[in-house]
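Colleague: Before we discuss the packing and the aromatic pairs, could you show me the model and then explain the terms as we go?

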Amino acid sequence: MSNTALGTGTEFNQQRAERFAENLLDTLNRAGVTLMISIGHRLGLFDRMAELPPLTSQEIADAVGMNERYIREWLGAMVTGGIVEYDENEKKYKLPAEHAAFLTRAARSDNMASISQFVPLLGAVEDKILECFRNGGGLPYSEFPRFHEVMAEESGNTVLPALVDSILPLVDGLIEKLESGIEVLDVGCGSGRAMNLLAQTFPNSRFTGYDFSEEAIGRARREAESLGLENVRFEVRDAVAIGEMEKYDLITAFDAIHDQVRPAEVLDQIAAALKPGGTFLMQDISGSSHVHKNLEHPVAPLMYTISCLHCMTVSLANDGDGLGAMWGEEKALEMLDAAGFKSVRVERLPHDILNNYYVAQKN
């Protein structure tokens, strides 16, 4: 190979090129493993293997009631990917407890297997996203049939376990107010799991969830009905059209603002709907608005990918601002200030590497 890199006039660094090639090969291998982790999660294979002793592929297939040939090939990816251990003499496979701690549903907030579902989910829209690159525009929510299902599961792993004991205490005195009875709104409530949990926990308070997805609101209502809740309601409503004045003591938004078509107007609507002295608690993706400040972010590549293939494009599909998931702390603070929130704290939780928690007070 020439010592001059592609005619640029700069010296070609062979060692640098080889390191990059090795890293790229590792990336491709890890992408394959990620797809197989998603399959293992959706089929419950990790959950079952965590309970099983070392077994052959046939014994595992029998235990889970699935086809041995597919199980064997999946195990091949899991072994070579460093997920499952293999005894070549016994021809038996075992999921170590230390690995199961990050792959099973029992792991809750530590379960990274559930996050792997985003890769095949978003890969399914690749052809249509190519057209967006060429022609602009975006893909609406209807192009992502499993998105609410996956987000509901992810919320169940991250938000719900921490909501009462860790997230709500970020607002001074909020637990006591909820116990006494206040009005709460969740903007972009999705499948409503957060509001249903709070309605169960704080029966003296009243909870409302708005989301423009009929599918998600249907899920929320069915869960509320199954739980016998009478202090929560869900309504199909676009966040930009809340249209309520000084009604709520607390408004929440969990990873919802950056997806909005017109996020600045949504924040204005939220500010208007809060009572004087009320609180807006916003959970959104951590990170900076400036790409060079995200070089050390532990999941920045994944977040930019999810942003490009979902968060940004669903906004642009409606001629929106297309903020994207990585709009960043700087932009978030700027927009909260413009909406009238002059007192804003940014909090982080030890268990959550993905999100910032913005505690914004209405004066």
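Modeller: Axes here are lines fitted to C-alpha atoms, for helices over the stretch in contact, and angles run from 0 to 180 degrees between N-to-C directions; helices (H or I, at least four residues) and strands (E, at least two) are DSSP runs, numbered from the N terminus. This is a predicted model, in which local features need pLDDT of at least 70 and side-chain atom pairs count only at pLDDT 80 or more, while totals for chains, interfaces and linings use all residues. Residues are numbered from 1 along each chain as its sequence is written, and side-chain values use heavy atoms, with hydrogens and water left out.

Colleague: Why are helix 12 and helix 14 called oblique to each other?

Modeller: Helix 12 (residues 263-273) packs against helix 14 (residues 328-338) at an angle of about 50 degrees, their axes being 9 Å apart. Angles under 35 degrees count as roughly parallel, over 145 as roughly antiparallel, 65 to 115 as roughly perpendicular and the rest as oblique, and the two helices are therefore oblique. The contact (heavy atoms within 4.5 Å) is made by P263, A264, L267 and D268 of helix 12 with M335, L336 and A338 of helix 14.

Colleague: What makes helix 7 oblique to helix 13?

Modeller: Helix 7 (residues 126-135) and helix 13 (residues 300-316) pack at about 60 degrees, with their axes 11 Å apart, and that angle makes helix 7 oblique to helix 13. On the helix 7 side the contact is made by I129, C132 and F133, and on the helix 13 side by C308, L309 and T313.

Colleague: How many aromatic pairs does a search of the whole structure find, and why is the pair of F46 and W74 called tilted?

Modeller: The search finds six aromatic pairs. Rings of Phe, Tyr and Trp (its six-membered ring) pair if their centres lie within 6.5 Å, and planes under 30 degrees apart count as stacked, over 60 as edge-to-face and the rest as tilted. The ring centres of F46 and W74 are 5.4 Å apart and their planes stand at 55 degrees, so the pair is tilted. F46 in helix 2 (residues 45-49) and W74 in helix 4 (residues 68-80) are 28 residues apart, and the pair links distant parts of the chain.

Colleague: How do you know whether F46 is buried or exposed?

Modeller: Buried means under 20% relative accessible area, exposed over 50% and partly exposed in between (1.4 Å probe, protein chains only). F46 has 1% relative accessibility and so counts as buried, and W74, with a relative accessible area of 3%, is buried.
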